[in-house]
Amino acid sequence: MSFRKKLVKLIERQEELSSLLAAPMVDTSEFAKLSKEYSDLLPVTDAINLLFQAENQLKDAEEILGDSSMDREFRDLAQIEVLDLKEKIPTLEHDLKVQLLPKDMDDERNAILEVRAGTGGEEASLFATDLFRMYQRYAAVKGWKVEILSISETGLGGLKEASMTIMGKGVFARLKYESGVHRVQRVPETEASGRIHTSAATVAVLPEVEEFDIQIEEKDLQIDVYRASGAGGQHVNTTDSAVRITHIPTGVVVCQQDERSQHKNKAKAMKILRARIYEAERQKKEAERAADRKSQIGSGDRSERIRTYNFPQGRVTDHRVNLTLYKIAMIMEGESLDEVIDVLIAEDQAAKLSDSGLED
């Protein structure tokens, strides 16, 4: 089926759904199913109608332009409209094709974001702290809510690892591109000679899932409880409130000790466990779907070095799209992180469009 015929079929399907929904219906589940299909289709058909309208306007303007009996003033206006529409139509068509791409069903979910210090000793831990704060500030810029799940500190201002839930509209859709190894190049405060050090931290972004999204059998869990302790012996609990949960089939282990209640620690640990198991399965399916693709933007591979933050030069480079921005301070404040993410999304969409056959 040609692209144009597909667009007409979608318009016809929307009209059919509208008629079905307007008719008396007893089956509430069928009504809910049709309502969802209609609401999902509506933005697409709106985009199709905008494209068709612009194409009809172009046809009318070209007819006026080619009619020598028309007044000069009308033809001049038609010329302006033709130029405007010829610039506008490819954008409308591209936006429509993006809407026609298969949707990632997890895009609208909240996200669990984890940061871990990598190679580089204490400097890596300090960088992990900076990244964690960057995402907190970015969430604030976007108007998202943040709930800290766990924080493990080094005692010197750095983080061994930390995790948080970020809640809002389309959180995972934007943050999923952040998974991978982030590298920093800067002069540590303790470096007297001014030598630049390189260290790294790992970021993992997981879609938050509910209990009904993934079934975990109780028999597949090994739950251990122990006494929590903080850095330097501080915040030591006098009860066995810390929880370690091991999912035996996959070997995924989650530890949680930030809450004083064993029940709350278990609930948080299960939340992270579900997300990690779900994400592992999601990535497996994504890898199978994209096996023939040359590159995967936002593949979520945590071993992949995705970005370098060079403080002496004030630049941030994303290696997946060869993008360099000389505004490191604004990115670390979360203010300009969208400039990186927008490029990653555009590149990912371009790759998917190429694979989909929608592009001419």
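User: In this predicted model, which residue of β5 is the bridge partner of Val115?
Analyst: The partner of Val115 in β5 is Val203.

User: What makes β1 and β5 a pair of strands?
Analyst: Pairing requires at least two bridges found by DSSP. Strand β1 (residues 111-117) and strand β5 (residues 197-207) share seven bridges in the antiparallel sense, and therefore they count as paired.

User: Where do β1 and β5 stand in their sheet?
Analyst: The eight strands of this open sheet follow the order β2-β3-β1-β5-β4-β9-β10-β11, with mixed pairing.

User: Why are β2 and β11 called edge strands?
Analyst: Strand β2 (145-153) and strand β11 (323-325) each pair on one side only. On average, neighbouring strands of this sheet are turned by 15° against each other, direction ignored.

User: What makes helix α4 lie across this sheet?
Analyst: Contact means heavy atoms within 4.5 Å. Helix α4 (residues 121-142) lies across β1, β2, β3 (159-167), β4 (180-186), β5 and β9 (305-310). Its direction is at about 10° to β3.

User: Which strands does helix α8 lie across, and at what angle does it run to β11?
Analyst: Helix α8 (residues 337-356) lies across β9, β10 (315-318) and β11, running at about 165° to β11. Angles run from 0 to 180 degrees between N-to-C directions.

User: How do you know that β6 and β7 pair?
Analyst: Six bridges join β6 to strand β7 (residues 242-247); the criterion is at least two, so the two strands pair. The open sheet they belong to has three strands in the order β6-β7-β8, with antiparallel pairing. Its edge strands are β6 (221-226) and β8 (252-256).

Terms used:
Residues are numbered from 1 along each chain as its sequence is written. This is a predicted model: local features need pLDDT of at least 70, side-chain atom pairs count only at pLDDT 80 or more; totals for chains, interfaces and linings use all residues. Side-chain values use heavy atoms; hydrogens and water are left out. Helices (H or I, at least four residues) and strands (E, at least two) are DSSP runs, numbered from the N terminus.
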